[in-house]
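Me: Hi! I'm new to this one, could you walk me through it?

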Amino acid sequence: MVSPTFVRPLAYKSALLSLTRYVRAYSSQSMPTYEHLLVSTPKPGQLLVTLNRPKALNALSSAVFVDLNDALRKFDADKDIGAMVITGNEKAFAAGADIKEMKDLTFSKAYAEDFIAPWSLQTSQIKKPIISAVNGHALGGGCELAMMADIMYCSATANFGQPEIKLGIIPGAGGSQRLARAIGKSKAMELILTGKTFSGKEAADWGLAARVFESAQECVEGAIATAAIIAGYSKVAVKAAKEVVNKSQELGVREGVEYERRVFHGLFGSKDQKIGMSAFASKQKPQWTHE
């Protein structure tokens, strides 16, 4: 949830400008503007969201999540968008939560206002697939945000961790739960109790990340390429696929298989099922209606 070490300004303008130019180069239409985000459409059907607090290494705060949640909600409802990518810059995906916001927080205020709960919106309300493209530091809340995505890509030198123990607290946005599910209790326990960090290569080796890349640009390009593939399929089937895979994290195998089967049966009521199977039988490319 927080980064005790890296939430501070550093001199890395050249690296930031390199990735920012790359992100902006793709933008093909007028997009909403945010204080803490850059949003663009690299190609039809894709949304690229770039965290943009460079002086604070993209430190996360309630204000950042107001912007992020607004963007995710808007484009989740946009019929032209099929998949989303969240990234940062070459130096930091998000180096942690903004300690200034929480250092004087009291229990009663945190509990009464359900502090940090809105940070997990994308895992419960966003129906379209989200890919996190992680470069640089992803610590505390940054690591948690990366893990909230449906698919995580990272560069080999990305720096992950849940170092909250060093500040006398614990992860608060799902870090203990998602990390343990992804890499196992023992390894997650070691990382959370010691505050040790781990690399992008280790994240991929342990199964936390789906793919690892040599450079930041390759990581973002890889995420965009995967988003393009997803956006090219039936939105009805994609939504169903995300739903049933997520259910595997909540249900036992037997209940999960039964749930999957019911959703599978339901897709035979969609137009896209008929289009897809007819196109396959006639060796043609399906022209999805997303119905």
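This is a predicted model: local features need pLDDT of at least 70, side-chain atom pairs count only at pLDDT 80 or more; totals for chains, interfaces and linings use all residues.

**A loop, a patch and some rings**

Me: Where is A77 found?

Reply: A77 is in the loop that runs between helix 2 (62-76) and strand 3 (83-87).

Me: And how many residues apart in sequence are A77 and I126?

Reply: They are 49 residues apart in sequence, while in space their C-alpha atoms are 9.1 Å apart.

Me: Okay, new topic. Which residues form a nonpolar patch on the surface?

Reply: That patch is made by I165, M189 and L193. Together they have about 270 Å² of accessible area.

Me: Where is the place of L193, then?

Reply: L193 belongs to helix 8, which covers residues 185-194.

Me: Is L193 buried or exposed?

Reply: Exposed, because its relative accessibility is 54% and the cut-off for exposed is over 50%.

Me: Let's switch to rings. How many aromatic pairs does a search of the whole structure find?

Reply: The search turns up five aromatic pairs. One of them is F107 with Y111, a stacked pair with 5.4 Å from centre to centre and 15° between the planes.

Me: Why are F107 and Y111 separated by about one helical turn?

Reply: Both sit in helix 4 (residues 107-112), and they are four residues apart there, so about one helical turn separates them.

Me: Are those two, F107 and Y111, buried or exposed?

Reply: F107 and Y111 are both exposed. For another kind of pair, look at F264 and F268: they are edge-to-face, with 5.2 Å centre to centre and 85° between the planes.

Me: What about F264, how does it count for accessibility?

Reply: F264 counts as partly exposed because its relative accessibility is 48%. F268 is partly exposed too, with a relative accessible area of 37%.

Me: Which residues form one aromatic cluster?

Reply: F160, F198 and W206 form that cluster.

Me: Last topic: charges over rings. What sits over the ring of Y153?

Reply: That would be the charged end of R211, at 5.5 Å from the centre of the Y153 ring.

Me: And which residue lies over the face of Y259?

Reply: K247 does, and its distance from the ring centre is 5.2 Å.

Me: Great, thanks!

Conventions:
Residues are numbered from 1 along each chain as its sequence is written. Side-chain values use heavy atoms; hydrogens and water are left out. Patches are made of residues with over 30% relative accessible area and no salt bridge: like charges are joined within 9 Å, nonpolar side chains (Val, Leu, Ile, Met, Phe, Trp, Tyr) within 5 Å. Accessible areas come from the Shrake-Rupley method with a 1.4 Å probe; for residues, only the protein chains shown count as cover. A salt bridge is a side-chain nitrogen of Lys or Arg within 4 Å of a carboxyl oxygen of Asp or Glu. Helices (H or I, at least four residues) and strands (E, at least two) are DSSP runs, numbered from the N terminus. Buried means under 20% relative accessible area, exposed over 50%, partly exposed in between (1.4 Å probe, protein chains only). Rings of Phe, Tyr and Trp (its six-membered ring) pair if their centres lie within 6.5 Å; planes under 30 degrees apart count as stacked, over 60 as edge-to-face and the rest as tilted. A charge sits over a ring if NZ of Lys or CZ of Arg is within 6 Å of the ring centre and within 35 degrees of the ring normal.
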